[in-house]
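Thanks for coming. I have a few local features to go through, so please keep the structure on your screens while I talk.

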Amino acid sequence: MESNYAVEITGLKKNYGPVQAVRGVNLAVKKGEILGFLGPNGAGKTTTIRCLLDLIRPQAGKIRILGIDPVKDPVAVRAKTGYLPGELHLEGNQTVEAALNYFNELRGRKSSRQEISALAERLDLNLKAPIKNLSKGNKQKVGLVQALMGQPELLLLDEPTSGLDPLMQQEVYTLLREAQAAGATVFFSSHIISEVEAIAGRVAIIRDGVIVEEADPAQLATMALRRYRVRFRTPVDPEPLTAVAGTSLIRRESAHEVILQVEGEVDRFLKILAAFPVSDLQSEHLSLEEIFLTFYQKE
Ligand code: ATP
């Protein structure tokens, strides 16, 4: 039976000598979905993506890309996938056009000259420019064109908008939405929260080689993470409050005022707070940015 998933990762583990880069990642991306893959530097994003294409071999785990095992048939996986590496190595003494033609030759999936020109035009990339003269952002555009050309079923993109100006970032979002509308699946890593919010239907957050959260961006924004500013009539030691499970002290404004963060159920926190001489209580909304930072830092 054909799978509904474009990417299925089960129990993925990858060590570099003593470094455990990926420690049991489980993640599935449905066909037609745009998944944003977030996490702090060194969390294991690039390692995971490279395993999906069999560019590196994991120590353990099972991967299926569009139903194919990349270890058994990496060529079939590459033929169906557009891949943008974090750093694309390009031969400097050729033009952009020659480099793109070379990538095109390597693929089973051929794209037309018109398609390549149209993509280059959308990204304001000069096909006649020598690679060696390109800025970082323009090199990134070459990487994007070679990933998008030929309309692959799956796009695996390691930080797709890295080095691009805001206008070009928007154009990339449009291109990715168009790819999705045409039936493609997009799996992209990012550090830019607004970009994930703008295009991803779902986000997965990786930290220290494990997935710590998976949700849709709207769900994350409304999740049970509240911040309370509490003012007391008399000076107070907030220690008993922070002892409540899920509660942490964000800031002590003065002897009379604290900011506390409560994750999950608030009932126990409010009952313990009731024993304090509270003069005012304000609940503060957390931005998506703050929610992500909490996940990035969580023990
Ligand atoms: P960033 O956001 O900085 O790109 P990342 O989430 O993509 O980070 P990875 O590049 O997958 O993280 O790295 C995960 C861990 O593996 C890090 O501790 C990194 O130092 C280590 N690592 C990655 N590649 C190698 C390698 N070739 N040899 C040894 N260690 C490596």
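Start with the loop between α1 (45-52) and β4 (60-65), which is where D54 sits. Keep in mind throughout that this is a predicted model. As a reminder, most residues other than glycine have a negative phi. Is D54 buried or exposed? D54 is buried, because its relative accessible area is 15% and the cut-off for buried is under 20%.

Next comes another residue with a positive phi. E159 is in the loop between β6 (154-158) and α6 (166-181). E159 is not a glycine either, and its phi is about 50°. Its relative accessibility is 27%, so E159 counts as partly exposed.

Now a glycine. G17 has a positive phi of about 55° and lies in the turn of the hairpin formed by β1 and β2. Two residues separate these strands. Strand β1 covers residues 5-16, strand β2 covers residues 19-30, and they pair in the antiparallel sense over nine bridges. To find one of the partners, go to I9, whose bridge partner in β2 is L27.

Last, please find R227, in strand β10 (residues 225-232). R227 is buried, because its relative accessible area is 13%. Which side chain does the side chain of R227 meet in a polar contact of 2.5 Å? That partner is Q261. Leaving aside neighbours within four places in sequence, R227 is also in contact with other residues, including I250, L260, E284 and E290.

Terms used
Residues numbered from 1 in each chain as written. Predicted model: local features only at pLDDT ≥ 70, side-chain atom pairs only at ≥ 80, totals over all residues. Heavy atoms only, no water. Pairing = 2+ DSSP bridges. Helix = DSSP H or I, 4+ residues; strand = E, 2+ residues; numbered from the N terminus. Buried < 20%, exposed > 50% of the residue type's maximum accessible area, 1.4 Å probe, protein only. Polar contact = N/O pair within 3.5 Å; in protein donor to acceptor, adjacent residues only side chain to side chain. Contact = heavy atoms within 4.5 Å.
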